Amino acid sequence: MSTVPVVEDDSYLGTKRWFKKYPELGDPGIPVEPFTSEDQFARERQRLWPRVWLMVGRAEHIPESGDYFTKAIPPANASLIVVRGRDRVIRAFHNVCSHRGSQLCWESGFRGHTAAFKCPYHGFTYDLEGHLRFVPDEANFYDLDKDRMGLRPVVTDIWEGFIFVHLSPNPTEALKEYLGAITEGLSGYPFHEQNYQYSYRAVLNCNWKLLISSFLEGFHVRTLHAAGLRRFCSTDNPYSHLDFVKLLGKHRLLSLFVNQAATPTKVADFAFSRYKKTLAQLSDSAPGGSQPDGTAALGRFLIRNIFPNFQLNLVMGGWYAYQFWPLTPDTVLWETRMCFSKPRNATEHFFQYYARYASRENLMEDGRVTEQQQLALKSGVIKRLVLQDEEIAVQHFNSVVQSYTADEARSQTAGK
Amino acid sequence: MTLKFSGVHTMASNNDPLLPTGFDGLNQFVSDWAIADEPARMRKRWSSSMDEIRRFYDTMVGRVEEALDYLDSRKFEELQPPDLRLLYLTYALVEVANAVEVYHRPTSPYALGPDRYCPVERL
């Protein structure tokens, strides 16, 4: 069983708790311009995306040598092949043939198994470690140095089974250093056992930072999410003040208040109580078969926002990963993975459906409200977003983006 | 593209009961609500009236425990078409729960449509 973070419990009863604690963030409020401007988008493309670690998938999805997947990185106009080599090492390569620059694998998000990568255009063939192995009509090329014609490698590292890439050939920070304290409490967490994955995709008409910002506070829960009202608000915490927020370098950890005394709705009550009963029965009959439970153990809902575009939530019986890939200044590809242990019976299937349904209900509201917000911001009527104390993580995230993209920040260390 | 969402038929053949023995009272809901895949289930909810939703919810909410007791007594991998149709009815109950218990309309007035936030085979 893994450990969960030990937290000091700041009382949710207070007001104006956070901006005092983090005076370096300045006064609450952020400019609108970065959410709507083409210039900002270009600066992000140039200064942010090549300088950060990006999560691209899970190691257990390519368990055998020759297993691979493709992954598009839209803000870098890049497509990657992530493959497990004959030496079992996971590597990433640009999905670009060294001959005429064609794509080797044409379907983004494809998962498969191969002995080699053969370009569909002229048949240049590469091995699993990226070396160029075969050139058709080789005698007709002039001074072809096959040793220098391998697939272009992409720096890769793994944290707890999450495969990360860095688009710079020489990252200034190793992955471990880059992630820093956001990984606390997750060492050995059984993400790989909770690998029964449900996936969702949406392309939304809003800026990627605006969508991420909608997940960085609990202030909107009461108003926007009627279905979440009972669970995340209480008489003494009516506005769903966070249990705590920790600003951790480039990243941030939020603990959303969960009202343990809430009376759930009928079907929710049935789903949770039935699941807990089944879990107890199944773990009695199968020692060691109990499922770790990030939420129930803590009475908390922990949100890890890992810079720049990866959100990791521990939930009852599983974990969720959201990713946000900008396509244009006002469109974003939003990918959601909801992962659980493989369900063993009908009740576990039922509960997992309930769990992702309950989340989906909220996420579809978060997505819609952010599109409406983008529409309004594009009018230019508002120049600055007003933030209150509970929205400090919104300010922190957007200030870290600026630390990468602002002109005066270029020579400074980003993310402090 | 939709492996996870296909391959199980909700239609019964001639000598195949709609639902397992004892669940005949739910037969009337099978053609509308025993939906195997999540996108279709979402679309059904979005296109239904509250009368239709309530009629299904009011009956199903009283049978869901019994349904799962029955389904849990069998190996999940060996569930037969009538069993699966019963399972899909329990999923449909989940799908309409907030319509009846929270929104008092089929969907949240603030939500994206089912064509905008889509379950996909995998990422």
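**Charged pairs, strands and the chain contact**

A: Let's begin with a charged pair: A:Lys146 forms a salt bridge with A:Glu138, and their closest N and O atoms are 3.4 Å apart. A salt bridge here is a side-chain nitrogen of Lys or Arg within 4 Å of a carboxyl oxygen of Asp or Glu. A:Lys146 counts as partly exposed because its relative accessibility is 24%, and A:Glu138 also counts as partly exposed, at 34%. For these words, buried means under 20% relative accessible area, exposed means over 50%, and partly exposed lies in between (1.4 Å probe, protein chains only).

Before going on, please keep in mind that this is a predicted model, in which local features need pLDDT of at least 70 and side-chain atom pairs count only at pLDDT 80 or more, while totals for chains, interfaces and linings use all residues. Residues are numbered from 1 along each chain as its sequence is written, chains are lettered from A and ligands numbered from 1 in the order in which they are written, and side-chain values use heavy atoms, with hydrogens and water left out.

Now to the chain contact. It takes 44 residues from chain A and 43 residues from chain B, where contact means heavy atoms within 4.5 Å. About 4,000 Å² is buried between the two chains, and carbon and sulfur atoms give 57% of that area. Buried area is the accessible area (1.4 Å probe) that two parts lose on being put together, summed over both. B:Val94, B:Tyr117 and B:Leu123 supply 22% of what chain B buries against chain A, more than any other three residues.

The polar side of the contact is worth a look too. Between chain B and chain A, 27 residue pairs are in polar contact, with both residues at pLDDT 80 or more. A polar contact is a pair of N or O atoms within 3.5 Å; within protein, one must be able to donate a hydrogen and the other to accept it, and residues adjacent in sequence count only if both atoms are side-chain atoms. On chain B, the side that touches chain A draws at least two residues from each of helix H2, helix H4 (64-72), helix H5 (81-103) and strand E1 (118-120). H5(B) gives the most to this side, with twelve residues. Helices (H or I, at least four residues) and strands (E, at least two) are DSSP runs, numbered from the N terminus. By residue type, the side of chain B that touches chain A divides into 26 nonpolar, four polar and 13 charged. In that division, Ala, Val, Leu, Ile, Met, Phe, Trp, Tyr, Cys and Pro count as nonpolar, Asp, Glu, Lys and Arg as charged, and the others, Gly among them, as polar.

Strands also link the chains: E1(B) pairs in the antiparallel sense with strand E12 (residues 196-204) of chain A, over three bridges. Two strands pair if DSSP finds at least two bridges between them. Here A:Arg201 has B:Cys118 as its bridge partner.

Seven salt bridges cross the interface of chain B and chain A. In one of them, A:Glu361 is joined to B:Arg45, with the closest N and O atoms 2.7 Å apart. Over all chains, the count comes to 24 salt bridges.

Within chain B, B:Lys44 has its place in helix H2 (residues 38-46). B:Lys44 is buried because its relative accessible area is 15%. Its side chain makes a polar contact of 2.7 Å with the side chain of B:Glu52.

Back in chain A, A:Glu348 forms a salt bridge with A:Arg344, the closest N and O atoms being 2.7 Å apart. A:Glu348 counts as buried, at 1% relative accessibility, whereas A:Arg344 counts as partly exposed, at 32%. Salt bridges that share partners also join A:Arg356, A:Arg360, A:Glu361, B:Glu38, B:Arg45 and B:Glu95 into one network.

To finish, look at strand E17 (residues 318-328) of chain A, where nine of eleven residues are buried. Six bridges join E17(A) to strand E16 (residues 310-315) of chain A, and the two run antiparallel; A:Leu312 stands opposite A:Ala321. E17(A) also pairs in the antiparallel sense with strand E18 (residues 331-340) of chain A, over ten bridges, and A:Gly318 has A:Phe340 as its bridge partner.
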